Amino acid sequence: MAGQLKLGGSKGEIKAVPILDMQKDGQGFKPIFDVFEEIFDNVRDFPVAIICIAGPFRKGKSFLLNLLAHYLIENQSSTWFKKGDTQPAKVFEWKGGVERNTVGIHITNKPFILETSDKKKVAVFLMDTQGMFDTKTTTKDCSTIFALSTLLSSVQIYNLTDQIHENDLQQFEVLPYYH
Ligand SMILES: Nc1nc2c(ncn2[C@@H]2O[C@H](COP(=O)(O)OP(=O)(O)OP(=O)(O)O)[C@@H](O)[C@H]2O)c(=O)[nH]1
Ligand SMILES: [Mg+2]
């Protein structure tokens, strides 16, 4: 993604759709190829950039993606979060509590067509991932989510709260070996 992106927007209602789902028996994942193909078929003529958030469960990944989506839906306006707004756009499902919410990998069904500083159009998608390291998610599943989202994304944000601790960094050493 060259240069700084400028104004652009997405026509029609935008929502997140799963491209990787958990198997019915809860053992591993299955890709949803038809959704994948349909989404990217529409942007054959554009370079594509995927902005992804990964990281531990229950830290606000989906919430942060909704804030990003809200900002892009409002065309990156300086007044993008208006006075009356109490919540960000509902593109990705998010909730409070201690139970994990997002399962698999989800991506926006439509791109935000943005423009780089050298006037090239880019189709930008936002991508959400299942939270890692909760008791229901095996290390192999964490590794699958992390590896796939790293491979698919142009920019990957690793979402942590507070400071970065040594054990956060150690998790990067372990993840690749379980795939
Ligand atoms: N105070 C505060 N709360 C936040 C922030 N980001 C998220 N939350 C809260 O954290 C909770 C979890 O948000 P989600 O976005 O569903 O978290 P998640 O990381 O996607 O969770 P999983 O999908 O289960 O991994 C919600 O109650 C949010 O309101 C933040 O920046 N500040
Ligand atoms: Mg989530």
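## Basis of the report

In this predicted model, local features need pLDDT of at least 70 and side-chain atom pairs count only at pLDDT 80 or more, while totals for chains, interfaces and linings use all residues. Residues are numbered from 1 along each chain as its sequence is written, chains are lettered from A and ligands numbered from 1 in the order in which they are written, and side-chain values use heavy atoms, with hydrogens and water left out.

## The surroundings of ligand 1

Ligand 1 is surrounded by 14 residues, of which the closest are R58, K61, S62, F63 and N101; a residue is near a molecule if one of its heavy atoms lies within 4 Å of it. This shell consists of three nonpolar, six polar and five charged residues. Here Ala, Val, Leu, Ile, Met, Phe, Trp, Tyr, Cys and Pro count as nonpolar, Asp, Glu, Lys and Arg as charged, and the others, Gly among them, as polar.

Oxygen atoms of ligand 1 also lie close to the protein backbone. A backbone N or O atom of N101 is 2.7 Å from an oxygen atom of the ligand, a polar backbone atom of G60 is 2.9 Å from one, and for a backbone N or O atom of K59 the distance is 3.0 Å. On its own, ligand 1 has 660 Å² of accessible area, and the protein covers 67% of it; such areas come from the Shrake-Rupley method with a 1.4 Å probe.

## Salt bridges

Side chains of opposite charge can pair when their charged atoms come close. The whole structure holds six salt bridges, each a side-chain nitrogen of Lys or Arg within 4 Å of a carboxyl oxygen of Asp or Glu.

One of them joins D134 and R100 at 4.0 Å, N to O. D134 lies in the loop between β7 (121-129) and α3 (139-152) and R100 in the loop between α2 (61-73) and β5 (105-108), so the pair ties together parts that are 34 residues apart in sequence. Helices (H or I, at least four residues) and strands (E, at least two) are DSSP runs, numbered from the N terminus. D134 is buried at 7% relative accessibility, and R100 is buried at 18%; buried means under 20% relative accessible area, exposed over 50%, and partly exposed in between (1.4 Å probe, protein chains only).

Another salt bridge pairs E115 with K119 at 3.7 Å, N to O. E115 is partly exposed at 22%, whereas K119 is exposed at 55%.

Definitions and conventions. Polar contact = N/O pair within 3.5 Å; in protein donor to acceptor, adjacent residues only side chain to side chain.
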